[in-house]
Amino acid sequence: DNFGNAVSINTNGDAIVVGAYQSYLPPGGSGLFPGLAYIYTSSSAGGWTQQSILSGSFATNSSDYFGYSVKINSTGDRVIVGAYADESGSVTSTGLAYIFVSGASGWTQQSILSGSLATGSSDSFGVSVSMNYSGDRVIVGAYQDERASQATGQNEGLAYIFVSGAGGWTQQSILSGSLATGSSDYFGRFVSMNSTGDRAIVGAVQDERSSQATGQNEGLVYI
C-alpha cells in the first residue's frame, strides 16, 4: 500500500495527512489500487484518531498514484494531494493534484488542478506539492513536463503556481529553470513553498551547471 510514502503535519502538530499511493479502493479491498490519503487528528485527551480517508474523483484506476505527495496547511483544514499518474482525459498519466477542505460535513474535494502544459503522457504533474500557511497558494511539480517550445518527451520539467480566489483555483504561473533545458533534467521533482506563498524552491535533480557537460546530472535547485 505504501502507507507513509508522503506525510505532512500542521503547525500545532494536531493534524496530519499520510499518503498511501498504492492503497486499494475501497480501503482494505483487493481490486484496484489508485491510492488514498488519510487524515488523523490528535485530541486534548491524547491519542490519535483517523478522521477521514481521501480519494480523488478521477483516481479510480490502479497505479494512479494518488497520495504520492501530500501537504497540509498550518491550521489543518486544507490539504493538497498529488496523483502524478492520474488523468482526467484520454491522455494517460498526465498527472493531477487535488485540493480538499475540512468543513461542518467533514472533508470534501474542493478542486482538481492540472497544468496547462502537462498534457502529454507521463508528464508527472503532481509528483511533488507544497502549500503556504493559509492554504490558498500551492506549487505543483511536473518533473517530466516540458516547455511549449520543447519537443514532447524532452522532460526537462516544470513547476506550476496556483492561487485560490473568489472564482476558485487558477493557475498563476509556470516556473522553469534557466539551465533546465536538457532532456530529463527533472526540474520540479521536489518543491517547497514558504509560509506567505511568495517564495518557492524547486529541485532539478539531474540538471547541471553551464560549466558542466550535458548529462553530468549533478543536480541544481532554483529559488
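The model is predicted. The structure holds one salt bridge, formed by the side chains of glutamate 156 and arginine 147.

- Strand S6 (residues 78-83) is joined to strand S7 (residues 96-103) by six bridges, and the two run antiparallel.
- Within that pairing, arginine 78 is opposite valine 101 in S7.
- S7 and S8 also run antiparallel, with seven bridges between them.
- Across this pair, serine 102 faces tryptophan 107 in S8 as its opposite residue.
- Glutamine 109 belongs to strand S8.
- Glutamine 109 is partly exposed, at a relative accessible area of 31%.
- Glutamine 109 and arginine 78 are separated by 31 residues in sequence, while their C-alpha atoms are 9.9 Å apart in space.

- S9 runs antiparallel to strand S10 (residues 137-142), and five bridges join them.
- Methionine 131 has valine 138 in S10 as its bridge partner.
- Strands of a sheet pair through backbone hydrogen bonds, in parallel or antiparallel fashion.

- Strand S3 (residues 36-42) and strand S4 (residues 48-54) run antiparallel and are joined by six bridges.
- Alanine 37 is opposite leucine 54 in S4.
- Five residues lie between S3 and S4 in this hairpin.
- Glycine 46, in the turn, has a positive phi of about 100°.

- Arginine 147 sits in the loop between S10 and strand S11 (158-165).
- Is arginine 147 buried or exposed? Arginine 147 counts as buried because its relative accessibility is 18%, and the cut-off for buried is under 20%.
- Its salt-bridge partner is glutamate 156, with an N to O distance of 3.1 Å between the side chains.
- Glutamate 156 is buried too, with a relative accessible area of 0%.
- Side chains of opposite charge can pair when their charged atoms come close.
- Arginine 147 also makes a side-chain polar contact with the side chain of serine 176, at 3.4 Å.
- A polar atom of the arginine 147 side chain lies 3.0 Å from the backbone oxygen of alanine 180.

**Surface patch**

- Which residues form a nonpolar patch on the surface? Ile201, Val221 and Ile223 do, with about 320 Å² of accessible area together.
- Valine 221 is located in strand S15 (residues 220-222).
- Valine 221 is exposed because its relative accessible area is 58%, and exposed means over 50%.

- Most residues other than glycine have a negative phi.
- Serine 124 has a positive phi near 65°.
- Serine 124 lies in the loop between S8 and S9.
- At 2% relative accessibility, serine 124 is buried.
- Serine 184 has a positive phi near 60°.
- Serine 184 lies in the loop between S12 and strand S13 (187-193).
- Serine 184 counts as buried, with a relative accessible area of 17%.

Notes
Residues numbered from 1 in each chain as written. Predicted model: local features only at pLDDT ≥ 70, side-chain atom pairs only at ≥ 80, totals over all residues. Heavy atoms only, no water. Patch = residues over 30% accessible without salt bridge, like charges linked within 9 Å, V, L, I, M, F, W, Y side chains within 5 Å. Areas by Shrake-Rupley, 256 points an atom, 1.4 Å probe, with all protein chains shown as cover. Salt bridge = Lys/Arg side-chain N within 4 Å of Asp/Glu carboxyl O. Helix = DSSP H or I, 4+ residues; strand = E, 2+ residues; numbered from the N terminus. Buried < 20%, exposed > 50% of the residue type's maximum accessible area, 1.4 Å probe, protein only. Pairing = 2+ DSSP bridges. Polar contact = N/O pair within 3.5 Å; in protein donor to acceptor, adjacent residues only side chain to side chain.
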